[in-house]
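Here are my notes on the model, as promised. Have a look at it first, then go through the points with it open beside you.

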Amino acid sequence: MEHGNLEDLGSKERSRRTPVRLLETGLELGFRADVISTVEFNHTGELLATGDKGGRVVIFQREPESKNAPHSQGEYDVYSTFQSHEPEFDYLKSLEIEEKINKIKWLPQQNAAHSLLSTNDKTIKLWKITERDKRPEGYNLKDEEGKLKDLSTVTSLQVPVLKPMDLMVEVSPRRIFANGHTYHINSISVNSDCETYMSADDLRINLWHLAITDRSFNIVDIKPANMEDLTEVITASEFHPHHCNLFVYSSSKGSLRLCDMRAAALCDKHSKLFEEPEDPSNRSFFSEIISSVSDVKFSHSGRYMLTRDYLTVKVWDLNMEARPIETYQVHDYLRSKLCSLYESDCIFDKFECAWNGSDSVIMTGAYNNFFRMFDRNTKRDVTLEASRESSKPRAVLKPRRVCVGGKRRRDDISVDSLDFTKKILHTAWHPAENIIAIAATNNLYIFQDKVNSDMH
């Protein structure tokens with residue numbers, strides 16, 4: 001087995017949502033460098049960052065409410081675009097390192113500047129985003145072009161002044177965290193202590209200090225002495241939102257391990273194991289593949305965990321390890337098509353999941369540019385579509401329904417006509433409001449609740 005590449009191993013009704021705007025993140029390039037690979041709101045929801053396969057990060061800023069256009073609040077416009085990662089080549093392993101942005105995580109804001117972490121397969125970078133709307137003028141020793149004056153010509157002293165200028169957004173790299181991973185990084189998570197973060201690859205999880213780039217501490221290592229004995233890989237990890245000592249990681253076998261860093265420096269022995277016993281009657285060739293957890297998210301309250309596997313989303317209570325407290329079918333109609341999905345490699349697609357701000361509704365993506373929402377209180381669910389047809393401002397999204405067989409309603413779509421090349425893998429929910437961001441290939445769709453938008 002190649003050392004360094006394990007990516008395929010183990011391998012109210014919500015129709016009242018209106019799109020705010022369809023945002024294009026780039027040009028149509030030959031190898032689709034503009035395909036969005038991650039989406040993330042910052043802690044206030046005022047900024048939204050996307051990363052793409054071309055290594056770029058695009059930051060959108062929410063427009064303030066205008067007296068002339070009271071319904072414009074909620075619209076996001078491009079704030080800054082920068083190249084985060086470039087393609088590299090590992091000469092020791094003869095391995096190309098893609099520039100694709102795997103994850104973006106915002107740091108809690110400490111001052112006027114914003115900071116975020118972005119990572120590709122190998123290197124994590126810390127970026128600082130600042131604004132400048134004034135420039136100093138009236139230097140004593142420099143001319144207008146910044147060149148040093150002849151000191152003999154300086155006959156008087158003046159106090160430099162700040163003059164207004166057009167707003168300039170400056171993005172600068174503050175730290176580069178390299179050489180910490182042998183395998184591909186699949187997730188990063190900022191700790192609630194605001195000083196450390198962790199990064200996970202297929203076999204290891206490292207703990208970093210945000211101020212130290214030349215070393216990290218290995219806190220999980222599941223690599224066996226003999227790689228032929230490898231039975232599972234790490235698929236995702238996240239810190240607890242309130243307790244800086246707790247974190248969870250998921251595996252390709254469908255299990256979750258909650259670890260406590262107070263117990264030991266190396267957290268190979270978990271504190272809790274969350275695993276649902278398999279029903280022998282549903283056992284098939286694809287069982288292990290479709291049970292692999294592709295994403296895990298703590299609820300905002302810290303009491304629950306949300307996981308996504310190929311066919312379902314599950315809600316787990318931290319106090320109950322035996323089974324999830326809620327299971328929602330995302331696209332159970334695909335169960336009969338697993339063979340063709342396996343042949344096309346779609347069965348290995350990694351869908352993400354998201355909580356709303358109050359932890360009462362969960363969201364995840366599906367095929368045909370569909371995304372699903374589940375209300376935990378009413379047990380209602382809805383299928384919506386992110387498409388150009390529904391992306392006109394103020395248009396209302398209509399619920400969609402997939403028909404497996406038998407009688408079809410007029411707007412139903414047959415499971416045989418689903419487009420598996422159109423998939424919603426990456427989604428994000430505003431931390432406080434009913435605003436969601438949906439990445440569909442190279443398009444970013446932003447929807448907001450009609451009830452809320454009418455109030456503004």
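1. Which side chains meet in a salt bridge at 2.7 Å, N to O? R401 and D412 do, a salt bridge being a side-chain nitrogen of Lys or Arg within 4 Å of a carboxyl oxygen of Asp or Glu. R401 lies in the loop between β27 and β28 (402-403) and D412 in the loop between β28 and β29 (413-414), so the pair ties together parts that are 11 residues apart in sequence. R401 is partly exposed at 36% relative accessible area, while D412 is buried at 8%. For burial, the cut-offs are under 20% relative accessible area for buried, over 50% for exposed, and partly exposed in between, with a 1.4 Å probe and protein chains only.

2. Some housekeeping before the rest. This is a predicted model, where local features need pLDDT of at least 70 and side-chain atom pairs count only at pLDDT 80 or more, whereas totals for chains, interfaces and linings use all residues. Residues are numbered from 1 along each chain as its sequence is written, and side-chain values use heavy atoms, with hydrogens and water left out. Helices (H or I, at least four residues) and strands (E, at least two) are DSSP runs, numbered from the N terminus.

3. Back to the charges: the whole structure has 23 salt bridges. One of them joins R62 and E46, with the closest N and O atoms 3.9 Å apart. This pair links distant parts of the chain, with R62 in strand β4 (residues 56-62) and E46 in the loop between β2 (36-41) and β3 (47-52), 16 residues apart. R62 is buried at 5% relative accessible area, and E46 is partly exposed at 35%. E433 is linked with E46 and R62 in a network of salt bridges.

4. Take a look at R32 and D34 too, whose side chains meet in a salt bridge at 3.9 Å, N to O. R32 is partly exposed at 29% relative accessibility, but D34 is buried, with a relative accessible area of 0%.

5. T383 is worth a stop. You'll find T383 in strand β27 (residues 381-385), buried at 12% relative accessible area. T383 touches F370, F371, R372, K398, P399 and R400, leaving out residues up to four places away in sequence; contact here means heavy atoms within 4.5 Å. With R372 there is also a side-chain to side-chain polar contact at 3.0 Å. Such a contact is a pair of N or O atoms within 3.5 Å; within protein, one must be able to donate a hydrogen and the other to accept it, and residues adjacent in sequence count only if both atoms are side-chain atoms. M373 is 10 residues from T383 in sequence and 6.7 Å away in space, C-alpha to C-alpha.

6. Now for strand β13 (residues 196-200), where five of its five residues are buried. T196, M198 and A200 point one way, and Y197 and S199 the other. Strand β12 (residues 187-190) runs antiparallel to β13, joined by four bridges; two strands pair if DSSP finds at least two bridges between them. V190 stands opposite Y197. The β12-β13 hairpin has five residues between its strands, and C194 in the turn has a positive phi of about 60 degrees. On to strand β14 (residues 204-209): five bridges join it to β13, again antiparallel, with A200 partnered by I205. The β13-β14 hairpin has three residues between its strands.

7. Finally, the nonpolar interior. A nonpolar core is a set of buried Ala, Val, Leu, Ile, Met, Phe, Trp, Tyr and Cys residues joined through side-chain atoms within 4.5 Å. The largest has 31 residues, and those with the most contacts inside it are Y310, V313, L334, L341, I347, I362 and L418. Elements giving two or more residues to this core include α1 (287-291), β22 (312-317) and α2 (338-343). L341 is in contact with Y310, L334, C346, I347 and F420, leaving aside neighbours within four places in sequence. Apart from this core lies another, of 16 residues, among them V382, A386, W429 and F447.
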